[in-house]
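Trainee: I am new to this structure. Please take me through it step by step.

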Amino acid sequence: MEANQLNQTPTPTASNQQPANTTTPITTTPPPQPTPKKKKPWLLVFIIVLLLSATGVLGYKYYQLQQKVTGLQQSKPAPTPSPQLVVSSPSPVLSPTKEVDPTADWKTYTNTLASYSFRYPPHWLLLESPGDKDVEVYYQPDRTQPVGELLIEISDKVPRDIAQYKDQKVVGNLPAKCKSDPTVKTWCYLKTKTSNISILIIRDQDSEYNDTLDQILSTFKFTK
């Protein structure tokens, strides 16, 4: 019995038990998160529209200002230039130059029968036939060379071949009909109030000589 008593350990009662050191967990409640605000896209659109409107208004005002400035510039009268005193120096008076007559110192031949005259160089020769009907003017410094000349003839008749005189020239102050052969001869016929005159012109290869012949012909004058 004693063994059973010894084996039986007394069970502690609730009053004999010491309270256990237990910690009560503290639950922490997280603070409430702020609700994100919804973006307002219409506000951004409104700002963009406002900026565009303001830019358009400013551009239109600037255009109106430019138009006004242009109108004022166009309506502004041009400045009147002030009169300037111009002092002009007198221009020198030029005396008219006299043309030199190359025939001024030439000899003059006058034919009273046919009422004509002409000039010829003093170093040229003049031969006159009896009765003043035929006159020959020529220049031949070298007698071995062909003679160039003017032969003036007075006739009562018209040349038989007058139909061949198709060239029109002026000798002195009268018209003349002329013809030329393939060589160097030219015949001219003209009619005055009193006579029929034939002129034979024989040219040379010397151009200076031929120019002198033309100058002689230009000095012819018919008084009747």
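Mentor: Start with a term: buried means under 20% relative accessible area, exposed over 50%, and partly exposed in between, with a 1.4 Å probe and protein chains only. This is a predicted model, where local features need pLDDT of at least 70, side-chain atom pairs count only at pLDDT 80 or more, and totals for chains, interfaces and linings use all residues. Residues are numbered from 1 along each chain as its sequence is written, and side-chain values use heavy atoms, leaving out hydrogens and water.

Trainee: What average pLDDT does the protein chain have?

Mentor: pLDDT is the predictor's confidence in each residue, from 0 to 100. In the protein chain, 70% of the residues score at least 70. The average is 77.

Trainee: How many contacts beyond four places in sequence does the model have for residues 1-9?

Mentor: A contact means heavy atoms within 4.5 Å. Over residues 1-9 the pLDDT stays under 50. Where pLDDT is low, the predicted coordinates should not be read in detail. The count for residues 1-9 is 0.

Trainee: In what order do the elements of the protein chain run?

Mentor: Helices (H or I, at least four residues) and strands (E, at least two) are DSSP runs, numbered from the N terminus. The protein chain has 3 helices and 10 strands. From the N terminus on, the order is α-α-β-β-β-β-β-β-β-β-β-α-β.

Trainee: What percentage of the residues of the protein chain count as buried?

Mentor: The protein chain has 224 residues. Its accessible surface is about 18900 Å², with 58% belonging to carbon and sulfur atoms. That area comes from the Shrake-Rupley method with a 1.4 Å probe; for residues, only the protein chains shown count as cover. The buried share is 22%.

Trainee: Which residues form a nonpolar patch on the surface?

Mentor: Patches are made of residues with over 30% relative accessible area and no salt bridge; like charges are joined within 9 Å, nonpolar side chains (Val, Leu, Ile, Met, Phe, Trp, Tyr) within 5 Å. One member, Ile47, sits in helix α2 (residues 41-75) and is partly exposed at 41% relative accessibility. Together the members have about 650 Å² of accessible area. They are Trp42, Leu43, Phe46, Ile47, Leu50 and Leu51.

Trainee: Which residues form a disulfide?

Mentor: A disulfide is a pair of cysteine sulfur atoms within 2.5 Å. By this rule there is 1 disulfide, with sulfur atoms 2.1 Å apart. The partners are Cys178 and Cys188.

Trainee: Which parts does the pair of Cys178 and Cys188 tie together?

Mentor: Both Cys178 and Cys188 are buried. The two cysteines are 10 residues apart in sequence. Cys178 lies in strand β7 (residues 174-180) and Cys188 in strand β8 (residues 185-191), so the parts tied together are β7 and β8.

Trainee: How many salt bridges does a search of the whole structure find?

Mentor: A salt bridge is a side-chain nitrogen of Lys or Arg within 4 Å of a carboxyl oxygen of Asp or Glu. Among them is the bridge of Asp214 and Arg203, at 2.8 Å, N to O. Asp214 is in helix α3 (residues 207-218), Arg203 in the loop between β9 (196-202) and α3. The search finds 3.

Trainee: Is Asp101 buried or partly exposed?

Mentor: Asp101 meets Arg119 in a salt bridge (3.4 Å, N to O). Arg119 lies in strand β2 (residues 116-120) and Asp101 in the loop between α2 and β1, so the pair ties together parts 18 residues apart in sequence. With a relative accessible area of 40%, Asp101 is partly exposed.

Trainee: Which residue meets Lys179 in a salt bridge?

Mentor: Lys179, in strand β7, pairs with a residue in the loop between β5 and β6. Lys179 counts as buried, at 16% relative accessibility. The N to O distance is 2.3 Å. The partner is Asp161.

Trainee: Which residues does Pro159 touch, not counting residues up to four places away in sequence?

Mentor: Pro159 lies in the loop between β5 (148-155) and β6 (167-171). At 17% relative accessibility, Pro159 counts as buried. The residues touched are Tyr165, Tyr189 and Ser198.
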